[in-house]
Amino acid sequence: MAQFVDWDLAAATAGALSKSGPRVSYAEATDVVGDLRRLTDEAAGHVADYTGLRAQVSHPPVRVVDRRDWAATNIAGLREVITPLVSRLSGDKQPGALTEAIGSRLTGVQAGTVLAYLSGRVLGQYEVFSAEPGQLLLVAPNIVEVERKLGADPRDFRLWVCLHEVTHRTQFTAVPWMRAYFLSEVQAFVDASSSGSEHLVERLRRGVATLSEAVRDPESRTSVLDIVQTPAQRAVLDRLTALMTLLEGHAEFVMDGVGPQVIPSVERIRASFNRRREAGNPLEKAIRRLLGVDVKMRQYAEGRKFVHGVVERVGMDGFNSIFNSPLTLPRLSELGDPDAWVARVHGPAGTVPAAG
């Protein structure tokens, strides 16, 4: 089996490079964990009432984690998904033992470096790789650090974050086919890369190296898009981009729809958080660009505008037909044209295709 990355070394590297969180006493830390768990439950009720979406499958309770735990969980999830894919697609193209050992360790260090950087920025995540149907993670040190920097009311800011992340959990548990569809698209992306002449494992390693280089050298001009080389890959990437833009925009739309009703200081939080997103020193801006974080920021705005446009035209129930099947998901070209999606899915008579 081709060994793509030394996952144990990746976890050790991420743990060693992850920065410590803000200073809190043991009592404060305990209170934060309890508060986030309680607010997650509160947010779940608000999201269900606002969207009309309810979980169709059981899900594990929220996990409140620190930065190292977040990185370790993501490494475990990636290992579960990527290792079988690489093994299947690399076939008999095995490099020499020494080359393989060195390559997997180098990639392990690079992957750990990237995850260590991200572990200091992520507030929450619905992690779907490790197990069905996924798990909700809230990174307590980062939430506390950001609320302090923004001068936000702790209860309000934590509920605001929970609304966003619980919406993601709802998307994957109220739509039982969503996780399998997402993973199939990831597999399709890797499948498409096998049509090139370059050894698959080496191409994937080059992608990880690009991300690691972005963390170490903000002057680098390489891009993660350098590994997207075939038309088939671009077609899959278009579908994944449309899906992620929808999911991010939907979470932002729900957050903004529920927030004013239950979070007194929501307008101040939103304004301060948007300024934080746009700000940053040159190093952070370069890393955000090369890691694709800037793309995600655009997804928030574009996706929210699309969701708002659809809800405005056909209401929340009409919007929810977007989750009927993969065929009713928006195409990339429709994200800027809600009328096109409404016409395709609802039809001129306003009918909606049955779920399937």
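Leaving aside neighbours within four places in sequence, which residues is F319 in contact with? In this predicted model, where local features need pLDDT of at least 70, side-chain atom pairs count only at pLDDT 80 or more, while totals for chains, interfaces and linings use all residues. Residues are numbered from 1 along each chain as its sequence is written, and side-chain values use heavy atoms, with hydrogens and water left out. With contact meaning heavy atoms within 4.5 Å, F319 touches L246, H250, V307, V310, V311, V314 and W341.

F319 also belongs to the largest nonpolar core, which has 68 residues and in which F157, W160, F319 and F323 have the most contacts. Such a core is a set of buried Ala, Val, Leu, Ile, Met, Phe, Trp, Tyr and Cys residues joined through side-chain atoms within 4.5 Å, where buried means under 20% relative accessible area, exposed over 50% and partly exposed in between (1.4 Å probe, protein chains only).

Helix α5 covers residues 140-150, and because eight of its 11 residues are buried, this helix is largely enclosed by the rest of the structure; helices are DSSP runs of H or I with at least four residues, numbered from the N terminus. One of the buried residues is E147, which forms a salt bridge (a side-chain nitrogen of Lys or Arg within 4 Å of a carboxyl oxygen of Asp or Glu) with R158, the closest N and O atoms being 2.7 Å apart. E147 lies in helix α5 and R158 in helix α6, so the pair ties together parts that are 11 residues apart in sequence.

Note on methods
Helix = DSSP H or I, 4+ residues; strand = E, 2+ residues; numbered from the N terminus.
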